[in-house]
Amino acid sequence: MPRRPFASIPVLALSLAAQSPAPAPLRTGVPQPLTLDLRQADSAALLPKDARDAGQVEAVRQRWTPLVAGLKDAPSVRILLPSGDGRLPLLLAASQALKAQAPSQRLYVGFDAQAAPLLDETAWGAVDGGALVPSDLNLDPGRWREQLTRAQDSFPGRPWTLWLPSDPGALVSVLLGDGGRVVVPAGGPGARLAAELPQGFEDVEGGPADLTLRNPAGEARRWTFAQGAWSSATLPKTRHEVTVTAAETYDVGALLAKVRAAQLRGRAAVRTVQAKADLDLHIQGTRGAGGDLGFTFGYFERAGEWPELLQKEVRLNGVTAKLDGEVQLPLIESRQSMALPVALGLTERYRYRDGGSAGPGRRLLRFEPAGVDPLLYRGELEVDEATGRILVERRERVDLPGTVKSEREILTYGEAVPGVWRPVAVQTFERWVSAGGMVQVQRRFTYRDFEVNGGGFDAARSAARESGATMLKVTPGGARYFTRQPDGTRKIEEKPKSNGRAAAGLVLVDPGLEPPVIPLAGLVYFDYNAFGKGIQLNALTAAVFNTASLAIPRGLGGFDVSANASALLLKGTERPVVNGKLADRDGVGHRFGSLGVELGRDLGLGFRLEGRGDFVYDDYSLGDSKYRTPDYALPPSGLTKMGTLQGSWLFRGFQVQAFHGWGRRPDGIYGTPADPQAVPDGGGFRRWGASLGLDREVRPGVWFHGEAGWASGEGFDRFKGLDVGAVGGAARVAGIRANALVSDRQTYVKTALAIPTGPNLRLSVSLEHARARSLDDGRTYGMTGVGFTGDLPGFWIFTAVRMDLGVGVQSDIAGVKGVNGFLALLRVF
């Protein structure tokens with residue numbers, strides 16, 4: 001008789017690099033798995049509602065412990081799930097709890113004919129397959145194939161193993177050919193065949209009474225069933241085959257299951273953690289080297305409780321600030337605390353996919369939110385395949401609703417103490433919206449000096465709570481101050497601290513001002529969440545100079561809205577440049593007030609577009625009597641209106657900006673009767689330019705700043721142009737007096753280095769150069785200056801001291817270089 005054709009139906013092959021080796025397709029003597037019956041379990045109690053809440057996660061872990069403790073030594077476990085909704089999260093949590101206590105244990109999903117199918121690939125990776133035990137099978141062997149098909153439809157991503165109540169004889173090859181894995185009783189023909197199967201032959205081709213197995217090298221062996229026994233047979237010379245092929249894919253789900261189990265295993269081993277934590281923020285302004293704010297905390301974490309931070313030190317620009325008692329500084333962070341998408345969660349809010357190899361034994365897993373919540377991250381994990389440990393996590397969020405518009409984070413994991421694996425450093429690049437434009441902030445958080453499960457934890461934490469120092473708690477919604485109450489206890493503030501006040505004493509030195517040495521006192525108020533609406537509010541009053549600003553993230557149709565106003569009541573005398581030096585005539589006094597409104601919108605990938613309207617009132621009057629010219633007609637005072645379109649790109653310390661503006665000012669005539677001058681173009685003017693900046697931390701505490709820019713325009717004259725000078729100029733050069741030159745074209749470069757020399761001094765040195773074409777004589781002049789900035793700890797009632805001096809070292813214009821700067825005393829309260 002001709003040989004009956006049979007089908008080759010291999011199961012889709014997955015690269016199980018993260019999974020234990022697959023067992024042989026046919027076995028005997030394997031005990032049935034023990035059962036974890038969750039059909040009547042309270043799912044709400046076994047799943048945290050918020051995986052960022054340490055208390056909920058620890059409470060859930062403790063509820064799982066007695067459920068799985070008796071199964072620790074079992075070779076395999078069958079998980080029976082409820083038939084309703086929520087089967088997937090419960091399966092993931094059960095897998096995590098079981099694998100955490102017994103990593104080599106094999107896990108199976110139990111069969112439920114009434115339950116909804118588990119079609120999510122994450123579920124496939126959480127277990128080794130499905131299990132059909134004798135109580136699931138019909139007594140009629142002829143129905144077993146049908147039952148296998150139903151089971152495969154309910155859970156298709158892993159093979160189903162059948163623990164058969166009796167030897168099926170010739171049906172073994174059919175069940176194997178359908179993709180099943182079979183365990184047969186001892187003593188029958190199937191058991192004898194199982195003993196003959198060579199190792200490594202796992203690819204099955206099965207038809208009635210006919211079985212062929214192949215190994216990965218392609219070598220094949222065949223057996224047939226006749227007269228109640230299986231016997232070896234030769235391979236057919238001609239066959240009709242139906243072959244299903246698929247690209248080999250990485251088993252992401254299995255690696256995720258290993259990651260979750262490794263994290264829960266580590267969590268279970270840690271009762272208390274005590275450490276030191278350093279938080280440093282570098283705030284990169286739109287111009288200049290920016291500023292720094294740093295903290296050192298004592299860190300206390302007990303399993304199931306929110307971590308507590310004891311503020312030990314505050315650093316302003318790298319030096320220790322004088323802050324006595326409980327002083328609460330504003331907390332600026334994105335709306336969610338550092339939530340680790342995989343590492344700490346028992347449930348899934350993300351989708352994961354393979355990102356390829358990251359080196360020998362390492363794998364990249366890319367993740368993205370399962371929903372549209374902008375507070376969730378997207379990024380990638382670098383994972384050690386053998387242990388399931390996360391090595392590095394890179395993630396980002398964009399289009400955030402508050403002050404922080406976007407952030408990119410790099411979390412580095414390490415061994416805090418032997419056997420305890422956790423994040424040890426976090427580096428973040430953030431973009432903050434402000435009234436003055438986008439601000440880039442680099443945040444670094446590092447842990448050190450770990451003490452895990454130490455005996456002195458309770459005493460140390462109690463001493464911190466009883467002290468008068470500032471404390472915080474890290475809650476799921478972010479950091480909150482942990483405020484000391486009159487009775488000695490502490491209470492978590494419901495809202496993050498967002499406002500603050502400061503007083504400053506300032507001595508300003510600049511030969512271009514009248515008088516050249518000016519003592520000032522000012523009061524500063526700031527609030528990053530004014531009226532509880534996420535509005536930024538800033539105000540400064542120093543009598544002769546006053547400014548206020550506000551910023552409303554997403555304040556108008558998804559656009560960020562900002563506004564600022566300022567007024568300079570101190571009059572300065574502006575003089576023209578003639579033949580390479582400041583003239584001693586035609587001096588004009590000048591005061592001004594301004595109001596600006598801006599709309600901005602993020603475009604993604606760090607790009608932003610902004611439209612701005614400015615209204616400036618210029619008040620011209622007689623200047624210093626030494627530089628007046630008789631019968632000189634003053635330029636027209638009045639309102640100047642200007643609109644500007646600006647684009648920017650901020651990314652990891654890089655900052656690129658470009659702008660183009662159009663404006664109109666009062667028309668009129670100024671000058672002497674012998675040489676009257678008309679305001680150009682009837683008062684119309686334009687300006688444009690671009691700049692490039694970079695802030696980079698060379699090593700901890702040492703910051704490099706580089707900056708270059710170019711600006712130009714048309715319709716300018718000496719009273720409306722591009723200023724060059726140390727105070728208020730478009731191109732500011734240290735040691736060059738204010739209003740040194742009015743130009744219509746300029747370029748500048750600046751480089752600076754901030755060097756910490758100890759806890760009591762940080763020195764910053766800058767080299768600055770500009771070239772500008774004068775509107776008065778059409779010549780191009782160069783100017784160079786060196787800046788020195790020293791930051792010192794506060795004394796008496798002052799929080800910090802800063803001295804900033806500029807020394808002009810070269811100028812093509814005589815009389816404009818010298819020494820200028822300021823001495824500032826700051827008190828925060």
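## Close-up views of a predicted model

**View 1. Aspartate 278 and the residues it touches.** Leaving aside residues up to four places away in sequence, aspartate 278 is in contact with Phe295, Thr296, Arg315, Arg444, Phe445, Thr446 and Arg448. Keep in mind as you look around that this model is predicted. To find aspartate 278, follow strand E14, which spans residues 272-284. Is aspartate 278 buried or exposed? Its relative accessibility is 11%, and because buried means under 20%, aspartate 278 counts as buried.

**View 2. Aspartate 278 and tyrosine 481.** Here are two residues that lie 203 residues apart along the chain. The distance between the C-alpha atoms of aspartate 278 and tyrosine 481 is 17 Å.

**View 3. Helix H2 and its buried side.** Let's move on to helix H2, made of 15 residues, 54-68. From first C-alpha to last, H2 reaches 21 Å, close to the 21 Å expected at 1.5 Å a residue. Which residues of H2 are buried? They are Ala54, Val57, Glu58, Val60, Arg61, Trp64 and Val68. These residues sit on the same side of H2, because they cover an arc of only 160 degrees around the axis. Their packing partners are strand E3 (34-37) and the helices H1 (43-46), H3 (87-101) and H8 (252-269).

**View 4. Where H3 meets H8.** On the H3 side, the contact is made by Leu92, Ser95, Gln96, Ala97, Lys99 and Ala100; H8 contributes Ala257, Arg260, Ala261, Leu264 and Arg265.

Terms used: Residues numbered from 1 in each chain as written. Predicted model: local features only at pLDDT ≥ 70, side-chain atom pairs only at ≥ 80, totals over all residues. Heavy atoms only, no water. Helix = DSSP H or I, 4+ residues; strand = E, 2+ residues; numbered from the N terminus. Expected span 1.5 Å × (residues − 1). Buried < 20%, exposed > 50% of the residue type's maximum accessible area, 1.4 Å probe, protein only. Arc of directions from axis to C-beta. Contact = heavy atoms within 4.5 Å.
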